[in-house]
Amino acid sequence: MYNFNISAPGKVLLYGNSQERPKQAWVIASLNIRTKLSFALLPPRVVPNEYIQLDFSSINLQMKIPLRTFLIYFFYKNFNRQCPARQIYKQVKKYVQMLSGCRGNYDPSDLRHRLSLEMFFFLLVLIAYDQGINITSTFIVKVSTKLPMGYGLGSSSSYAVCLAACFWRWSLLQKGIARFEFLNKELAKIAVYAGCCDEKIYNTLRPVDTSVIVRGGITVFANNATLKTYRRFTSIKILLVYSKINKNINKDWIINFNKIQNLNLKSESIMNSIDNLSRTSIDVFEKMKNDTDNVSVELDTFPESYYDELAELVRMNQGLLKVLNVPHGNVDLVCAIAQEHFYMGV
């Protein structure tokens with residue numbers, strides 16, 4: 001009946017401190033390494049027993065879940081469109097615990113498997129309740145991504161945005177609405193759903209992550225608000241080095257961040273300097289934006305001075321983080337190698 005594809009980018013922190021403080025400015029950009037999702041809804045009664053088929057190839061998770069048990073759990077007995085998100089998540093956690101007996105290779109001890117399923121069913125139920133999706137037949141969802149998990153590139157937010165956009169589009173199609181592009185108000189709603197998912201499952205609330213992933217471009221963020229956005233910004237090529245340093249599990253990052261919480265005068269001054277660098281980058285982005293607006297400028301025709309300014313700001317940002325002992329030693333080594341080849345590490 002319905003078949004469509006959706007993709008969402010990742011994100012990368014250009015300037016600032018990844019362990020941000022509320023008042024500190026930081027610059028984040030969408031990253032064209034994408035999470036891709038395909039959705040297919042089969043007509044009713046095509047198969048003897050209706051099911052939900054999931055194929056998350058990047059984490060080697062394949063499942064076939066009986067649709068009837070899902071509907072009984074969330075709709076027939078426990079159906080409540082006014083159910084708050086936190087209660088939905090509690091029900092989802094219990095439901096996912098019951099899935100180990102389903103067909104497939106779900107491993108409850110694999111955190112990637114469990115969290116991916118929790119995000120999937122949380123957003124499905126949340127949006128189905130909110131938008132009145134009528135689930136009556138088999139549907140198949142396949143997701144893949146090249147974004148590594150746990151390395152600050154927005155893999156979980158990108159996945160959440162894909163799911164939220166998928167279920168939102170499903171709700172539109174059931175209402176007879178088919179669009180090639182979402183409206184601005186729909187993008188805002190998708191960002192809210194994805195942000196809610198991140199908040200409930202990962203206990204984090206970073207609206208700028210989902211906003212940049214949903215809308216793309218570059219965003220300058222501070223004081224829990226957006227200072228500047230560049231939505232239709234010319235693409236900038238950057239070099240990403242996969243250093244295999246997992247920010248979620250590396251204890252040195254956590255220890256150093258805890259030290260920063262007890263700021264002395266020196267570190268306070270450094271943090272202020274990092275903040276100023278982030279704000280200074282706005283001037284460069286504004287000049288590039290103005291050039292793009294005034295004339296048809298291709299990426300390779302921008303004055304080299306713009307890239308020199310951005311590269312110098314990156315170098316200074318990295319140097320200040322080094323003084324705070326925030327970067328892992330291997331990150332510093334990678335940046336040194338990159339600089340030898342005229343790249344700037346961040």
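Predicted model: local features only at pLDDT ≥ 70, side-chain atom pairs only at ≥ 80, totals over all residues.
I started with E199 and K200, whose side chains meet in a salt bridge at 3.7 Å, N to O. For the term I used a side-chain nitrogen of Lys or Arg within 4 Å of a carboxyl oxygen of Asp or Glu. E199 counts as partly exposed because its relative accessibility is 31%, and K200 counts as partly exposed at 26%. My cut-offs there: buried is under 20% relative accessible area, exposed is over 50%, and partly exposed is in between, with a 1.4 Å probe and protein chains only.

Residues are numbered from 1 along each chain as its sequence is written, and side-chain values use heavy atoms, with hydrogens and water left out.

**Other salt bridges**

How many salt bridges does the structure hold? I get seven. Side chains of opposite charge can pair when their charged atoms come close. Helices here are DSSP runs of H or I with at least four residues, strands are runs of E with at least two, and both are numbered from the N terminus. K287 is partly exposed at 33%, and E309 is partly exposed at 31%.

Next came R112 and D110, a salt bridge with the closest N and O atoms 3.1 Å apart. Is D110 buried or exposed? D110 is buried, with a relative accessible area of 16%, whereas R112 counts as partly exposed at 38%.

**Helix α8 again**

I also looked up S281, which sits in helix α8. S281 counts as buried, at 0% relative accessibility. Leaving out residues up to four places away in sequence, S281 touches Y15, V27 and L313; contact means heavy atoms within 4.5 Å.

**Rings**

A search of the whole structure gave me 20 aromatic pairs. Rings of Phe, Tyr and Trp (its six-membered ring) pair if their centres lie within 6.5 Å; planes under 30 degrees apart are stacked, over 60 edge-to-face, and the rest tilted. I picked F120 and F167, an edge-to-face pair with 5.5 Å centre to centre and 75° between the planes. F120 lies in helix α3 (residues 111-131) and F167 in helix α4 (residues 155-174), so the pair ties together parts that are 47 residues apart in sequence. F120 is buried at 0% relative accessibility, and F167 is buried at 0% too. Both belong to one aromatic cluster, whose members include F56, F70, Y73 and Y159.

Then I checked charges over rings, meaning NZ of Lys or CZ of Arg within 6 Å of the ring centre and within 35 degrees of the ring normal. K64 lies over the face of Y51, 4.6 Å from the ring centre. The charged end of R169 sits over the ring of F4, 5.3 Å from its centre.

**Record check**

The unreviewed UniProt entry places "transmembrane region" at residues 120-143 and 149-170. UniProt positions are in the numbering used here, feature names are shortened, and annotations may be inferred rather than shown by experiment. In the model, residues 120-143 are 50% helix and 21% strand, with end C-alpha atoms 11 Å apart. Residues 149-170 are 73% helix and 0% strand, and their end C-alpha atoms lie 27 Å apart.
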